[in-house]
Every structure is written in C-alpha cells, then in structure tokens.
Amino acid sequence: MTSYDALLLVSFGGPEGPEDVIPFLENVTRGRNIPRERLAAVGEHYHLFDGVSPINQHCRDLKAAIEADLAAHGVDLPVYWGNRNWDPYLADTVRRMRDDGVRRAAAFVTSAYSGYSCCRQYLEDIDRARAEVPGAPEIDKLRVYYNHPGFVEPFVEAARAALAELPADLREGAHLAFSAHSVPLAQPGRERYTAELADISRLVAGRAAPGHPWELVYQSRSGPPTQPWLEPDIVDHLEKLHAAGVRAVVNVPVGFVSDHMEVKYDLDVEAANRAAELGLEFRRAATPGTHPRFVAMVRELLVERATDAADRPALGVLGPRPDVCPADCCMRGITV
C-alpha cells in the first residue's frame with residue numbers, strides 16, 4: 001500500500017443523547033431556513049430512541065471491522081473516522097491525521113451512490129475540512145460502490161432472509177419494495193441516482209426473489225410540500241398495494257449502508273405501523289452494516305485505487321464509476 005498511509009471513514013453523524021438532537025439537526029439544516037418547529041417535530045423521531053441515532057455506533061463497529069480485516073490481509077494502515085454533522089467532526093479528524101504524520105489518505109464514505117447529497121457533498125465536506133487544517137493530508141474519495149458485489153450480495157442475502165420470515169402461505173405472493181432516501185427532483189445528479197437505484201433493485205430482486213413483483217420507492221423526504229421530490233413514498237406505496245389486494249411486503253432499504261434513523265424510524269416505525277394498520281404482513285431486510293462481504297469490499301476498493309487495478313468489479317448494466325468524477329459533476333446549479 002505505497003500510495004496511502006491511512007484510511008479515512010467518512011459518515012453523516014448523529015446525536016448520542018437527548019441534548020444533542022436539536023444542535024445536530026441545526027448542523028444538518030444550516031443555511032436552509034428550516035423553521036424551529038419543524039426541527040422539533042423531526043427531533044421527536046430521535047427522542048423515541050432516547051435521542052440516540054444508531055449511526056455513530058455503526059461507524060465504531062464498522063471501523064473496528066475494517067481494522068480487523070486489513071490486519072488479517074496484511075494491510076498495515078491506520079483507520080480514522082470523521083463525520084459531516086456531529087462529533088467526531090471531519091476537520092478535527094483531519095487535524096489529528098496531520099498531527100500523526102499522515103500525508104495521503106483514501107476516504108471511504110458511508111454513502112454508496114452518485115448525486116449531490118450522496119457523493120459531491122461529501123467531496124465538498126472533505127475539501128472544507130482540509131481547508132481548515134494547514135498542512136492537511138491529501139484525501140482521495142474511493143469510488144461509488146452501489147453495484148460492487150460487496151454491497152449487492154449482503155442485500156441479496158438479507159432480502160432472502162426477510163422473505164423467509166413471512167408466513168408460508170403469503171410468501172409466494174409477496175411484493176418487494178426497494179426504498180431509498182428521496183431527494184428533490186431539481187437536485188444535481190438525480191437522474192444518475194435513480195438509475196443506480198433501479199439497477200441494484202433489479203439485481204437484488206432477480207437474485208433473491210425471482211418472479212416476485214417489485215418496485216423502487218422512496219422515503220424520508222423533508223422539503224416543503226410545494227417542492228417536488230422523488231416518488232412514490234413508501235407509505236403511499238403500501239396503501240396502493242393493500243388496495244390491490246396484496247397481503248405481504250418485504251422492504252429492502254437499498255439506499256442505506258446501515259440502520260440509522262431514516263431506517264429505524266421511517267421504516268421500522270412509520271412504514272411498519274401503517275402496514276399493520278392496513279393488515280399487511282411487513283418485513284424489513286437488514287442493511288449491510290458490518291457484513292463480512294461489505295467490510296471486505298472496503299479493502300478491495302482501497303487496494304484497487306492504490307494499485308490502479310484494471311479489474312473493477314461491478315454488477316448490473318451501468319458499469320463501475322470512475323475514481324475521480326468530472327470537476328462539474330453533480331454540482332449545485334448544474335444538472336448532470
């Protein structure tokens with residue numbers, strides 16, 4: 001690993017106690033003029049879980065799993081972790097990396113897709129953090145990995161397991177609902193984002209549940225009602241399936257790497273409760289989390305980038321994304 005002397009895990013961040021909730025949401029929404037009452041309403045989702053988002057603990061667990069995997073394969077690199085919106089903040093981590101003598105690092109982001117909020121915004125956050133730290137190390141973001149076998153295969157396994165949890169008499173007719181975070185229709189890179197989501201949904205459905213009907217749906221929208229976002233919403237979709245006589249649904253949250261709040265509340269509470277009200281059997285497939293195949297993928301992406309490997313695994317029809325996106329890719333004000 002001569003190209004890099006560290007690996008940086010970059011994530012969204014989340015509150016770890018009731019007193020953190022509103023400050024965290026203020027960080028996330030800074031500059032967007034979100035009314036205080038809206039922040040308080042969203043904050044109630046976190047308070048259902050004692051003000052703790054699972055995402056930070058997931059990052060601790062993922063960091064430990066990556067460290068163990070690297071060591072087991074003879075890759076001697078330290079692993080750091082920094083967040084966009086909560087402690088440990090990315091700039092603080094970059095400062096610690098500099099002080100530890102790191103000169104060049106690869107960054108693995110806990111967001112698998114293309115588009116502004118999934119990819120470009122993380123690049124901007126990395127650049128901003130480096131600008132705050134004189135002498136900061138160079139940091140290269142590893143490529144988009146939504147169609148890497150290490151991301152797809154855990155979802156195939158999880159979808160099969162969720163389907164198997166359904167009552168036997170409902171399993172054969174079950175529908176699959178692949179869900180991801182909704183974004184505004186005007187967001188740069190939205191077309192690529194939806195194409196990638198459709199690609200992985202098709203892959204997982206074909207391998208985990210051939211012959212079962214499936215649809216790509218969205219969740220967790222947050223903008224004003226007048227602003228168009230990606231649809232259909234998962235709750236609306238459940239109501240549509242119920243009206244059509246469907247009796248069982250498996251939700252596969254392909255838009256998410258781990259079980260953070262948009263999974264734990266929007267799916268495990270909101271969608272699951274609506275399904276129960278409708279009399280629909282509802283099962284939610286697990287996210288990759290620290291699945292060994294997913295953890296191994298991080299190392300594989302690192303080695304691929306460090307060695308400029310020609311073999312770049314990618315399933316589906318869209319092929320692997322480049323290591324370095326065009327300079328204007330998915331930038332605000334430019335639709336790509």
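This is a predicted model: local features need pLDDT of at least 70, side-chain atom pairs count only at pLDDT 80 or more; totals for chains, interfaces and linings use all residues.

Residues are numbered from 1 along each chain as its sequence is written, and side-chain values use heavy atoms, without hydrogens and water.

**Aromatic contacts**

- The whole structure contains 14 aromatic pairs (ring centres of Phe, Tyr or the six-membered ring of Trp within 6.5 Å).
- Phe24 and Tyr46 pair edge-to-face (planes over 60 degrees apart), with 5.9 Å between centres and 70 degrees between planes.
- This pair joins helix H1 (residues 21-29) to helix H2 (residues 36-47), its members being 22 residues apart; helices are DSSP runs of H or I with at least four residues, numbered from the N terminus.
- Phe24 is buried because its relative accessibility is 2%, and Tyr46 is buried at 7% (under 20% relative accessible area, 1.4 Å probe, protein chains only).
- Ring pairs also connect Phe108, Tyr113, Tyr145, Tyr146, Phe151, Phe155, Tyr193 and Phe294 in a cluster.

**Cavities**

- Two cavities of 30 Å³ or more are found (sets of points on a 1 Å grid over the protein atoms alone where a 1.4 Å probe fits but cannot get out).
- The largest cavity holds about 60 Å³, and its lining residues (an atom within 4 Å of a point) include Phe24 and Tyr46.
- The second largest cavity holds about 30 Å³ and is lined by Cys119, Arg120, Leu123, Cys325, Cys329 and Cys330.

Definitions and conventions:
Rings of Phe, Tyr and Trp (its six-membered ring) pair if their centres lie within 6.5 Å; planes under 30 degrees apart count as stacked, over 60 as edge-to-face and the rest as tilted. Helices (H or I, at least four residues) and strands (E, at least two) are DSSP runs, numbered from the N terminus. Buried means under 20% relative accessible area, exposed over 50%, partly exposed in between (1.4 Å probe, protein chains only). On a 1 Å grid over the protein atoms alone, a cavity is a set of points where a 1.4 Å probe fits but cannot get out, and a pocket is an open set with protein on both sides within 12 Å along at least five of seven lines; lining residues have an atom within 4 Å of a point. Grid points are joined across faces, edges and corners, and a volume is the space filled by probe spheres set on the points.
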